[in-house]
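The following paragraphs lead the reader through one protein model. Please keep the sequence and the structure in view while reading.

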Amino acid sequence: MKKILVIEDKDEVRDNIAEILELSGYEVITAENGKLGTEIAIQVLPDLIICDIMMPVLDGYGVVYLLNQHLKTNSIPFIFLTAKSEKTDFRKGMELGADDYITKPFEGIELLKAVEMRLHKSDAVKQQLARDLESPDSLNSFLTNVKKVSHIPLVSEEREVYNYKKKQQIYAEGQRPKAVYYIKSGKVKTFKSNDDGKELITNVLGKGDFLGYTYILENIVYKESAEVLEDAEIMTIPKDDFLVLMSADMQVARQFIKLITHDVLEKEETLLNIAYNSLRKKVAYQLTAMLEKFKAESPDTKEIRLSRDNLAQVTGIATESLIRTLSDFKAEKLIDIKGGSIIILNEGKLKNLPY
């Protein structure tokens, strides 16, 4: 059952919309102002949001702006309700990221058609994105499509795959990029080092991920290093071939724009976690984030195979602090520790720690 959040300050209008949607088989959650609606959206992650523009506390423009700052909510379809019909209102909403408008007063069938269309488009985008980013065959299908338009021999059987051992370097900060790398199996970390040699892990990548492409697109040297965390199979796509295929087909370029956008949003959320969260929340956030990466390889896994030093570096804390926090989580039965692995016992509680 699809979940729809309705944010509307007028009780009669809000109740009317909720009734129409519930009769059509949707689960409906309501909020009487923008501030409460934003909090609910971040907490429950609805499939679609219907929001009035003119509201007290926080107006609809503020709601869509705030939700666009969050990685988990910035792709939720958003429909504005407005009693105004001026073009400036529509333009401002679209610039902020709204998907559609319904002008009050409206007919029930008009509301339902708009909802059905937005949900259908959202499902189609999610399915395509899942195929692009998560499928084990994502590179094969991606490169096969590229070959159709650019005739570059890049399908996997025509491109050599290299075996990398644990702790082997793929590239180093300051080097000039010569290729894009695709991970067929294993794990890779990217990291930056300060003058004292202390590392901060900027990302952990696994099966199905590309790395190194942003530096080629920007035509700059590597600003970080990449090293293998566990034995990996990695395919290389030469720089010149990659640039040709990026300019040969808009669909190819669009895929990498999605990857870059996802990376930027993920890094922003990680930086916010490091800067503002308590120690417990920092560790809990990173555990759930790492679990999602390991799920890409094995969807049902609850296990994170990452050394304490690496987990501390990606979290931005001292290893001793990490170990103490993991011990607390184990005592609270949120995790278990077996050898070099961390087993997540209660992912929901980790995601919603109160402090």
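Which helices and strands each supply at least two residues of the lining of the second largest pocket? They are β8 (179–193), β9 (199–205), β10 (210–211), α7 (213–218) and α9 (250–276). Helices (H or I, at least four residues) and strands (E, at least two) are DSSP runs, numbered from the N terminus. The model is a predicted one, in which local features need pLDDT of at least 70 and side-chain atom pairs count only at pLDDT 80 or more, while totals for chains, interfaces and linings use all residues. Residues are numbered from 1 along each chain as its sequence is written, and side-chain values use heavy atoms, with hydrogens and water left out.

The volume of this second largest pocket is about 520 Å³. On a 1 Å grid over the protein atoms alone, a pocket is an open set of points where a 1.4 Å probe fits, with protein on both sides within 12 Å along at least five of seven lines, and lining residues have an atom within 4 Å of a point. Grid points are joined across faces, edges and corners, and a volume is the space filled by probe spheres set on the points. The lining comprises 25 residues, and Thr-202, Tyr-215, Glu-224, Asp-263 and Lys-267 are those nearest the centre of the pocket. Helix α9 gives the largest share, seven residues. By class, 13 lining residues are nonpolar, six are polar and six are charged; Ala, Val, Leu, Ile, Met, Phe, Trp, Tyr, Cys and Pro count as nonpolar, Asp, Glu, Lys and Arg as charged, and the others, Gly among them, as polar.

The protein as a whole has 13 helices and 14 strands. Of its 355 residues, 45% are buried, where buried means under 20% relative accessible area, exposed over 50%, and partly exposed in between (1.4 Å probe, protein chains only). Among the contacts (heavy atoms within 4.5 Å) with a separation of 6 or more, 67% join residues 24 or more positions apart.

Helix α10 packs against two other helices. With α12 (residues 319–331), α10 (residues 279–295) makes an angle of about 80°, and the axes are 10 Å apart. Axes are lines fitted to C-alpha atoms, for helices over the stretch in contact, and angles run from 0 to 180 degrees between N-to-C directions. The helices α10 and α12 are therefore roughly perpendicular, a term for angles of 65 to 115 degrees. Among the residues in this contact are Val-283 and Leu-287 of α10 and Leu-322 and Phe-329 of α12. With α11 (residues 308–315), α10 packs at about 110°, again with axes 10 Å apart, and this pair is therefore also roughly perpendicular. Here Lys-282, Val-283, Gln-286, Leu-287 and Met-290 in α10 meet Leu-311, Val-314 and Thr-315 in α11.

The backbone deserves a final look. Most residues other than glycine have a negative phi, and most peptide bonds are trans. The bond from Lys-104 to Pro-105, however, is cis, with omega near 0°, and Pro-105 is placed in the loop between β5 (100–103) and α5 (108–133). Val-57 has a positive phi, near 70°, and is found in the loop between β3 (48–52) and α3 (60–68). Its relative accessible area is 64%, so Val-57 is exposed. Lys-333 has a positive phi near 60° and lies in the loop between α12 and β13 (335–338). At 62% relative accessibility, Lys-333 also counts as exposed.

Key:
Parallel < 35°, antiparallel > 145°, perpendicular 65-115°, else oblique.
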